[in-house]
Amino acid sequence: MLSKILPANVAYAETDVDVPLDLAWPQEWSAVTRAVDERRRQYVTTRHCARRALSQLGLAPVAIPTAPDRSPVWPPGVIGSLTHCPGYRGAAVARRGTLVAVSGWPAPGPPSMFAAEPSPPSAPAPAPGPSQDHIDLALSAIGIDAEPARPGPRGLLDRIASASERAELAALAASCLGTPAPDGSATELPATHEPATDSPAPDGPAIPWDRVLFSAKESVFKAWQPLTHLGLEFSEAAVTLQIDGRFAVKILREVPADVRGLSWHGRWVIIDGLILTVVLVGTARSRHAVSRAGLPLT
Ligand SMILES: CC(C)(COP(=O)(O)OP(=O)(O)OC[C@H]1O[C@@H](n2cnc3c(N)ncnc32)[C@H](O)[C@@H]1OP(=O)(O)O)[C@@H](O)C(=O)NCCC(=O)NCCS
């Protein structure tokens, strides 16, 4: 499922079946010795996924212990992120500096999207502009998050969203209403999103926008903290979700100098009853630029 939102050269592994607890490495076990069984299983299985993903990068299996800030400790030169929720464990890893293709529009424009995947038919046309840059991102950080595709608890948005984010979500929800969905419900998921297996809430939209926003912000945090070793409040990241599965990220707090110039790219998908989000952060490198007529710009 992560393949829907990850670029090709980010390795990943995921599962809905827990592995035996004795697959934990000794250096990892101390983090969960006092934990309940479910917590142990998610911890061990997610690390098993991480080792499978590392092997796709040609890396030998290693312990992935937990840092004091609770982030996973990756081998030198590797960046990555872990997530688990009921019925799902996932890991994504890449070598630091890996180039991933993203295509975007000239700033200040709408956020970028991954070039590897063609635009879905329902995606809005690129904003007017003189050129379309083809950008490689040299990766510095990855954040992934999985959540059940159900509306969040009452009051979630008050806790995590600004007034403008709430207004944007209301507009997104309104723009989705009224279209008959393949399952006969009142709302259609965007073309990039495979319908969730669980039914949409009877009196609400099929897309639980509040939980999508929450997941996006969790992914932002998981990329942010290993990069900066600083905290980040929900109010300190502005996330603009788009119907086509992208989201833009703007950090609203003071950013360390070495992180200031980095580019943030978010993607989300709803599939098999899960919301999955990813945030990729890196240095944007313009590969080439073409005019809107397809001619190279000089
Ligand atoms: C850390 C946090 C993001 C985890 O998200 P979650 O939805 O609760 O749980 P998930 O299963 O998706 O992810 C848990 C994994 O995140 C990773 N993680 C935990 N703390 C982390 C950190 N500081 N940095 C990066 N990754 C972290 C760990 O790998 C953890 O799994 P593990 O303990 O088994 O190793 C969340 O608990 C949290 O503290 N949120 C508050 C901060 C925040 O989100 N601010 C919003 C800023 S916009």
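Predicted model: local features only at pLDDT ≥ 70, side-chain atom pairs only at ≥ 80, totals over all residues.
Q: What makes Leu230 partly exposed?
A: Leu230, in the loop between H5 and S7, has 14 other C-beta atoms within 10 Å. A residue is buried if 20 or more such atoms lie within that distance and exposed if 12 or fewer do, with partly exposed in between, and therefore Leu230, with 14, is called partly exposed. In space, Leu230 and Pro256 are 9.2 Å apart from C-alpha to C-alpha, although 26 residues separate them in sequence.

Q: Why is S2 described as largely enclosed by the rest of the structure?
A: Seven of the eight residues of S2 are buried, and buried here requires 20 or more other C-beta atoms within 10 Å, so the strand is largely enclosed by the rest of the structure. For the chain, which has 298 residues, the share that counts as buried is 38%.

Q: How do you know that S2 and S3 pair, and in which sense?
A: Two strands pair if at least two bridges are found between them, and S2 and S3 (residues 88–95) have eight, in the antiparallel sense. Among the positions concerned, Val78 stands opposite Arg95 in S3, and His84 has Arg89 of S3 as its bridge partner. The two strands form a hairpin with two residues between them, and Gly87 in the turn has a positive phi of about 85 degrees.

Q: Why are S1 and S2 said to stand at the edges of their sheet?
A: The open sheet has three strands in the order S1-S3-S2, with antiparallel pairing. S1 (11–15) and S2 each have a single partner strand, so one side of each is left without a neighbour in the sheet. On average, neighbouring strands of this sheet are turned by 10 degrees against each other, direction ignored. Helix H2 lies across S1, S2 and S3 and runs at about 35 degrees to S3.

Q: What makes S8 a partner of both S7 and S9?
A: S7 (residues 237–241) and S8 (residues 246–251) are joined by five bridges in the antiparallel sense, while S8 and S9 (residues 263–271) are joined by two, also antiparallel. Thr240 has Ala248 in S8 as its bridge partner, and Phe247 has Gly266 in S9. The hairpin of S7 and S8 has four residues between the strands, and there Gly245 takes a positive phi near 95 degrees.

Conventions:
Residues numbered from 1 in each chain as written. Axes fitted to C-alpha atoms, helices over the stretch in contact; angles between N-to-C directions. Contact = placed C-beta atoms within 7 Å.
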